[in-house]
Amino acid sequence: MTVSTPEPVLDGVRSVFLAGPFMGLVNPETNSMPTTEQLPFLTLIEHFEKHGLEVYNAHRREAWGAQVLAPEECTPLDQQEIRKADVFVAIPGIPPSPGTHVEIGWASAFGKPIVLLLEAGREEEYGFLVRGLGSVAAVEYVHYTDIGLATPDIDAAIRDVVDRVNNPATTP
C-alpha cells in the first residue's frame with residue numbers, strides 16, 4: 001500500500017495563522033465555544049494540517065475557551081505567531097470581532113499575505129476597512145456559504161496572494 005503525501009497548498013508556505021471570533025462566542029457557563037462555532041475552525045485546521053502546514057490558532061491553543069490565557073499572555077503570543085506565519089487567514093466575524101480586527105491590522109502591518117473569508121450574501125455587513133483592505137495590503141477575499149466546500153477556493157486564494165507578495169513585478 002502506497003501512502004501519498006498531500007500536495008502542498010503552495011511551495012514555500014509552511015505555516016498559517018488562522019484567526020476569527022473567539023471570546024465573544026465562549027459560553028460563560030460552559031467556558032467553551034459551542035461546537036457549531038468551532039466547526040469552521042476545526043475544518044480549516046484539519047484541511048491545512050493535511051497539507052502539511054503548521055497552524056497557529058488561539059481557539060485550539062486555548063482549548064476553545066476552557067484554558068483562556070490572560071490578555072498580557074495571549075496578546076504578545078498572537079502577535080508573535082502572526083509574525084512567524086507565512087500566511088494569515090481570517091474570518092472577520094459578523095458582528096465584527098474586535099480581536100480579529102486587531103490581528104488583521106497586525107498582519108497587514110507585517111506585510112503578510114492575507115486571505116479573508118466573508119460570508120456570501122453578507123458582504124455589506126463587513127466594515128469598510130475590511131472590505132477596502134486590498135487597496136493597501138496583499139489580500140484575497142473568499143466568499144463562502146460553507147467553509148468545508150470553500151477549501152479549494154481558499155487554497156487558490158492562498159496561492160494567488162502569496163504569489164503576488166513573492167513576485168510583485170509580475171502582478172498587474
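Glutamate 81 touches Phe17, Tyr56 and Arg61, leaving aside residues up to four places away in sequence, where contact means heavy atoms within 4.5 Å. In this predicted model, local features need pLDDT of at least 70 and side-chain atom pairs count only at pLDDT 80 or more, whereas totals for chains, interfaces and linings use all residues. Residues are numbered from 1 along each chain as its sequence is written, and side-chain values use heavy atoms, with hydrogens and water left out. Glutamate 81 lies in helix H3 (residues 71-84); helices (H or I, at least four residues) and strands (E, at least two) are DSSP runs numbered from the N terminus. With a relative accessible area of 11%, glutamate 81 is buried, given that buried means under 20% relative accessible area, exposed over 50%, and partly exposed in between (1.4 Å probe, protein chains only).

Glutamate 73 is also placed in helix H3, but is partly exposed, its relative accessible area being 46%. Between glutamate 73 and glutamate 54 there are 21 Å in space, C-alpha to C-alpha, for a separation of 19 residues in sequence.

Helix H4 (residues 98-109) has 12 residues, which at 1.5 Å a residue should span 16 Å, and the 17 Å between its end C-alpha atoms agrees with this; the expected span is 1.5 Å times one less than the number of residues. The buried residues of H4 are Thr100, Glu103, Ile104, Trp106 and Ala107. Seen down the axis of H4, these buried residues fall within an arc of 160° and so line one face of the helix, the arc being that of the directions from the helix axis to the C-beta atoms. An α-helix has 3.6 residues a turn, so residues three or four places apart point the same way. On the other side of H4, Pro98 and Ala109 are exposed. The buried residues of H4 pack against strand E1 (15-19), H3, strand E3 (87-90) and strand E4 (114-119). After H4 comes glycine 111, with a positive phi near 70°.

The axes of H3 and H4 come within 10 Å and cross at roughly 40°, where axes are lines fitted to C-alpha atoms, for helices over the stretch in contact, and angles run from 0 to 180 degrees between N-to-C directions. H3 and H4 are therefore oblique to each other, since angles under 35 degrees count as roughly parallel, over 145 as roughly antiparallel, 65 to 115 as roughly perpendicular and the rest as oblique. Where the two helices meet, Thr75, Asp78, Gln79 and Ile82 in H3 contact Glu103, Trp106 and Ala107 in H4.
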